[in-house]
Amino acid sequence: MVKYNPKTWFSLIFHSYSRQVMKTLTPTLLFMIVYTTVCCFVIVDFFKLHESDFQPTIAMHSLLGIVLGLFLVFRTNTAYDRWWEGRKLWGGTVNSTRNFALKLNAYLSPENRDDRDWFAKMIPNFVFAMKESLRGGVQLNELEPVSDDFLESLQKYKHKPNRISAMLYSKVNELYKKGVLTGDQLINLDKELKDFIDFIGACERIKNTPIPYSYMMYVKKFIFIYIITLPFGFVTQSGYLTIIIVTLITFVLMSVELIAEEIEDPFGKDLNDLPTDELSGKIRDNVREILL
Amino acid sequence: MVKYNPKTWFSLIFHSYSRQVMKTLTPTLLFMIVYTTVCCFVIVDFFKLHESDFQPTIAMHSLLGIVLGLFLVFRTNTAYDRWWEGRKLWGGTVNSTRNFALKLNAYLSPENRDDRDWFAKMIPNFVFAMKESLRGGVQLNELEPVSDDFLESLQKYKHKPNRISAMLYSKVNELYKKGVLTGDQLINLDKELKDFIDFIGACERIKNTPIPYSYMMYVKKFIFIYIITLPFGFVTQSGYLTIIIVTLITFVLMSVELIAEEIEDPFGKDLNDLPTDELSGKIRDNVREILL
Amino acid sequence: MVKYNPKTWFSLIFHSYSRQVMKTLTPTLLFMIVYTTVCCFVIVDFFKLHESDFQPTIAMHSLLGIVLGLFLVFRTNTAYDRWWEGRKLWGGTVNSTRNFALKLNAYLSPENRDDRDWFAKMIPNFVFAMKESLRGGVQLNELEPVSDDFLESLQKYKHKPNRISAMLYSKVNELYKKGVLTGDQLINLDKELKDFIDFIGACERIKNTPIPYSYMMYVKKFIFIYIITLPFGFVTQSGYLTIIIVTLITFVLMSVELIAEEIEDPFGKDLNDLPTDELSGKIRDNVREILL
Amino acid sequence: MVKYNPKTWFSLIFHSYSRQVMKTLTPTLLFMIVYTTVCCFVIVDFFKLHESDFQPTIAMHSLLGIVLGLFLVFRTNTAYDRWWEGRKLWGGTVNSTRNFALKLNAYLSPENRDDRDWFAKMIPNFVFAMKESLRGGVQLNELEPVSDDFLESLQKYKHKPNRISAMLYSKVNELYKKGVLTGDQLINLDKELKDFIDFIGACERIKNTPIPYSYMMYVKKFIFIYIITLPFGFVTQSGYLTIIIVTLITFVLMSVELIAEEIEDPFGKDLNDLPTDELSGKIRDNVREILL
Amino acid sequence: MVKYNPKTWFSLIFHSYSRQVMKTLTPTLLFMIVYTTVCCFVIVDFFKLHESDFQPTIAMHSLLGIVLGLFLVFRTNTAYDRWWEGRKLWGGTVNSTRNFALKLNAYLSPENRDDRDWFAKMIPNFVFAMKESLRGGVQLNELEPVSDDFLESLQKYKHKPNRISAMLYSKVNELYKKGVLTGDQLINLDKELKDFIDFIGACERIKNTPIPYSYMMYVKKFIFIYIITLPFGFVTQSGYLTIIIVTLITFVLMSVELIAEEIEDPFGKDLNDLPTDELSGKIRDNVREILL
């Protein structure tokens with residue numbers, strides 16, 4: 001994620017979008033410039049058509065423009081909501097790991113170095129495994145081994161965060177069975193253990209479920225039809241000025257959709273993605289500060 | 001559900017919608033082309049009316065166009081919200097089955113093969129029964145029997161997921177009564193058991209409750225009135241170009257409503273429906289990996 | 001509630017709204033036809049005014065049209081939200097009664113016919129009392145007596161669902177005191193008992209609180225001003241065509257408000273109201289299947 | 001709160017708004033009539049300007065009109081959400097007091113007249129104190145004393161509902177310590193005790209936090225600029241008709257803002273405020289019916 | 001935060017925005033006046049262009065104006081939601097500290113001065129540390145020491161609120177271990193301890209996560225393009241009146257964005273920021289009144 005100051009208008013206006021966005025935007029804009037120039041030439045200089053022949057098209061564009069605008073805002077809203085929900089889930093993970101560590105810190109005696117150490121490694125391990133499993137696969141070298149065969153045995157499991165969570169659940173229950181934790185404490189610790197799985201599950205939901213296929217097709221078809229017919233609405237009135245107008249409108253409409261595409265899967269490593277690496281590190285620091 | 005890459009503009013623009021949508025859309029577009037052509041011929045070539053005779057109609061369409069656009073976005077929002085809520089509920093089912101299995105894994109001793117096996121079969125059974133009961137009826141061959149008369153006895157019950165849930169509740173309580181589970185563990189396990197019923201109930205709510213009849217009538221009547229009067233708004237100004245304009249506007253307005261129809265009942269087997277088969281399989285794999 | 005297929009465009013377009021809506025809509029439309037005809041006659045044929053005298057009015061209507069459209073969507077949203085919240089609350093009631101019955105089924109021994117029978121009657125009794133108390137008064141003949149003086153004693157209480165809930169709470173506590181239920185089970189059962197009261201309270205809130213008086217006045221005043229001035233905006237341009245235009249716009253704007261009126265109190269017996277009779281019956285069936 | 005029938009169009013259209021709204025609306029409308037008349041006179045009869053001199057202003061108004069409309073709906077939404085959240089909180093108070101009383105009724109033996117009486121007085125006392133503390137100060141004469149020095153001792157505390165809640169918490173804990181209530185019952189009762197404080201805190205939040213100062217300034221500045229420039233947009237086209245047009249638009253725009261002002265602090269005694277007096281009385285009746 | 005009366009239209013219209021907003025707004029408006037004057041001069045007096053040469057540009061502005069309006073409302077909504085969520089979190093902190101103190105007051109005997117005093121200091125300490133840690137760093141002089149080395153030992157920890165929370169958790173657990181608190185009471189107190197960490201975590205999320213970089217760029221680029229091309233849309237029709245029109249539109253569009261910038265980070269000390277100093281003081285008063 002880029003850290004930036006929302007108040008620096010100048011750089012925000014003149015910096016270009018991320019490479020991801022420009023990769024589609026630049027060719028589209030170039031194409032539209034050429035296409036509109038051709039349209040202008042054919043209509044104005046070749047057929048020499050006049051305003052009265054095409055006037056209604058602009059009525060159509062003004063009509064559809066509002067509907068399109070509403071759908072782009074709908075699109076923006078859903079993309080932003082997914083992004084923000086992803087952020088909330090990671091914020092929730094920060095909170096639940098903190099609470100879990102704080103509770104354990106209170107419940108385990110300061111002398112109990114072994115168990116404290118075990119949790120101080122395994123709670124961050126869960127978070128690091130979660131982070132990478134949302135990017136395609138867990139990087140085992142980010143995890144801290146709690147026993148000699150830990151990493152090896154973990155590799156046998158398809159869903160690594162699940163396995164780590166299973167170990168956390170079992171450890172807590174074992175301490176309860178041994179009398180280190182009381183039943184009331186077990187009930188209190190259960191809330192965070194449940195949270196961990198709920199948060200990773202919700203992140204997987206966001207990652208694996210784009211907006212419905214038909215809506216995606218609809219928005220893209222709509223933008224395409226709108227832009228491709230745009231020159232005919234302006235050309236007889238504005239002549240070659242049409243090129244600038246069409247390019248600006250294309251820029252405004254395409255950007256929204258391209259940004260939405262970039263935002264809606266927020267767990268990667270792109271410019272706008274959530275700072276999950278940073279958050280994971282912060283969680284490890286927090287948990288260690290609390291437990292050790 | 002179709003897996004697709006949201007960034008492939010080209011195929012998204014030129015692929016056609018699902019068969020479900022095209023079944024209504026194609027004849028409507030064909031009808032509108034014929035109808036508009038007839039209107040154009042009658043008004044332009046037969047009565048030879050001029051712009052001044054019809055001008056206000058376009059004011060009406062521009063006025064109503066905004067209101068209609070707002071309602072189509074309202075429609076889209078509610079359809080999408082139902083779809084997304086359905087997805088959340090299935091995501092919640094994934095999470096709760098995982099948590100339930102993880103807790104049982106911690107609470108039951110590794111030697112307790114029988115109970116582990118029983119739950120490893122019954123938790124997925126609940127999910128498979130839920131999936132199919134949302135499609136009209138449970139397919140018993142998808143379930144794994146836990147006893148010889150399991151499938152037979154299940155057939156006597158109208159609401160099969162309820163029955164399976166009852167068996168889960170009873171099993172947990174039985175283990176509690178036998179002392180295998182403690183009271184504190186019973187309290188912790190109760191959360192997920194409650195979730196199962198809450199999630200299936202919420203899915204049934206979405207499935208059985210379309211948006212209010214009057215709204216559905218309203219939106220369809222509004223689109224009909226709007227489209228059917230559209231040629232009169234454009235014909236005197238644009239002549240035979242009206243055919244293209246009306247067809248495009250019809251395409252844009254009808255698609256929204258047709259896609260909304262397809263999205264709002266998300267538990268079937270259509271193109272845009274949720275991947276409940278896949279999720280159920282994933283749950284079975286997860287639960288087995290955890291418990292066995 | 002009407003069961004309907006959202007995909008039957010033809011019947012949805014040509015069927016008329018519910019009697020409730022038509023009762024206000026028909027006279028309004030008739031009045032507007034007469035009123036607009038008179039306006040047309042007076043302005044076009046009597047005073048013989050021309051376009052230039054009235055042109056700006058259409059600018060005003062186009063300006064206010066957007067604002068009005070936005071408010072009608074706001075109105076629709078709040079009405080729909082109330083309806084959908086009502087549906088969610090009844091869905092929650094279905095879930096909580098199921099969960100409550102499932103828990104009791106697990107906690108009470110199969111031989112305990114008396115207590116099972118008592119709950120199998122009293123849980124649905126609560127729901128039936130809730131359903132009718134939202135319609136003005138409880139119909140005692142829908143309830144199943146659990147003792148000889150049950151119905152008689154119930155009549156002494158003003159708020160019947162409260163009384164039934166009190167009996168449920170007391171019965172559960174009594175079983176706890178007798179040792180039939182353990183403390184952990186009491187804690188688990190408390191969630192659903194709390195839900196019952198929360199759900200009926202929320203339904204009463206929806207029923208007793210229409211949208212603020214001033215907003216209701218505002219929307220109706222706005223529609224009135226808008227429609228009543230509409231003929232002046234179109235008459236000089238469109239002549240007698242104005243009658244059709246004004247009638248269509250009136251139809252579109254009035255319908256929204258009238259449908260919203262019908263939707264926002266969803267617990268009655270109207271066309272668009274929630275199927276609470278059906279849901280109550282379904283709950284009784286479910287609870288019996290589980291407990292008996 | 002006014003009780004009204006949302007279906008009585010006639011009276012809703014012709015009744016005037018609350019005195020609060022009219023106090024600002026009437027002088028504004030009168031001012032605008034005078035101001036617009038002067039503008040018309042100066043421009044039409046004095047300078048004799050023509051349409052072509054001022055035409056673009058209407059383009060500006062049409063442009064800004066949409067943005068203003070969107071902001072007024074944003075304003076309406078936030079005001080309504082605050083009002084509706086307030087209503088939900090009071091609905092929650094009704095539910096939680098009911099649940100609390102129902103639980104106590106189940107847990108306390110019928111012979112325990114003293115404790116039942118104490119709670120039957122103190123639960124409503126909390127609600128009455130809450131109601132008035134949201135209006136500026138508690139009216140002690142509405143409370144029922146539970147001991148001779150109750151009112152006197154209460155006066156020493158700044159935040160009276162907090163004090164009553166402290167007494168409720170202490171009483172419940174005391175009964176637990178004495179063995180009248182078990183630990184499981186203590187856990188169940190804790191939910192409602194927590195709710196009471198959460199609800200009053202949320203009401204205080206709504207009461208003490210208007211929308212951000214800058215937004216309030218923005219909306220009012222925007223309306224002012226829009227209305228004050230409005231005559232110039234219409235006068236050359238519509239002449240003295242402008243007076244009616246400007247007055248209508250002013251009426252429509254100002255009303256929204258004035259109603260929002262009235263709605264957003266819903267705990268007072270105004271026309272649109274929540275019926276907290278009535279709800280408090282209802283709670284007292286409910287609690288008494290249950291406990292005594 | 002400014003305390004103000006939303007009903008004082010006069011001062012709200014004529015007071016200027018906060019210095020923060022004016023710092024960007026004033027130069028922008030001045031620049032636009034100069035820039036538009038130059039444009040007017042060049043086009044009207046130098047090139048002597050006429051309406052027909054530039055007419056379509058206004059169509060483009062009217063088209064894009066709606067889309068821009070929709071995005072500004074989206075921007076406003078997200079900024080306001082962040083602000084309001086921040087307010088809710090602080091409201092939640094008020095509630096949870098109250099509940100925590102009320103519970104401790106009930107659970108600790110009145111004679112237990114030491115523990116009461118300890119909590120009466122440490123609960124507000126957490127809140128004061130939270131307030132300042134959201135502003136960059138904790139001001140230790142605002143905290144009340146509970147032991148001689150309290151402040152000194154606190155300085156060793158990076159995340160001070162975490163440390164205070166750890167001490168609260170440990171103290172509660174210690175009292176539970178000593179038998180001063182029972183297990184049921186421990187379960188009840190756990191809710192608020194969890195809340196504290198959840199609330200501070202959510203505030204940190206709001207503070208550290210501005211809206212996605214790409215959206216911020218998009219909105220600013222869009223406003224820039226819109227305003228910079230605006231003079232060309234009006235100049236041939238309105239001549240030097242264009243200066244006023246462009247300035248007004250610039251004022252309206254820029255203000256929204258600038259206010260949003262100011263609102264969306266609500267934990268500082270600006271005009272529109274939340275009154276966290278005041279709330280912290282209020283919490284200290286409340287907690288003391290309850291516990292001491």
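These are my notebook entries on a predicted model.

**Ground rules.** I number residues from 1 along each chain as its sequence is written, and I letter chains from A and number ligands from 1 in the order in which they are written. Local features need pLDDT of at least 70, side-chain atom pairs count only at pLDDT 80 or more, and totals for chains, interfaces and linings use all residues, while side-chain values use heavy atoms, with hydrogens and water left out.

**Aromatic rings.** I paired rings of Phe, Tyr and Trp (its six-membered ring) if their centres lie within 6.5 Å, calling planes under 30 degrees apart stacked, over 60 edge-to-face and the rest tilted. The count came to 80 aromatic pairs over all chains. I looked up one of them, A:Phe71 with A:Tyr218, and found it edge-to-face, with 5.4 Å centre to centre and 70° between the planes. This pair links distant parts of the chain, 147 residues apart: A:Phe71 sits in helix α3 (residues 51-107) of chain A and A:Tyr218 in helix α8 (residues 213-238) of chain A. Helices here are DSSP runs (H or I, at least four residues) and strands likewise (E, at least two), numbered from the N terminus.

Buried means under 20%, exposed over 50%, and partly exposed in between (1.4 Å probe, protein chains only). I also noted that both rings belong to one aromatic cluster, whose members include B:Tyr80, B:Trp83 and B:Trp84.

**Transmembrane entry.** For chain A, the unreviewed UniProt entry lists residues 21-44, 56-74 and 215-234 as "transmembrane region". UniProt positions are in the numbering used here, feature names are shortened, and annotations may be inferred rather than shown by experiment. I checked residues 21-44 of chain A and found 100% helix and 0% strand, with the end C-alpha atoms 34 Å apart. Residues 215-234 of chain A are also 100% helix and 0% strand, and there the end C-alpha atoms are 29 Å apart.

**Nonpolar core.** I took a core as buried Ala, Val, Leu, Ile, Met, Phe, Trp, Tyr and Cys residues joined through side-chain atoms within 4.5 Å. Which residues touch the most other members of the largest core? Among its 528 residues, they are A:Phe119, B:Phe119, C:Phe119, D:Phe119 and E:Phe119. Helix α3 (residues 51-107) of chain E gives the most to this core, 26 residues. A second, separate core has five residues, including A:Ile187 and B:Ile187.
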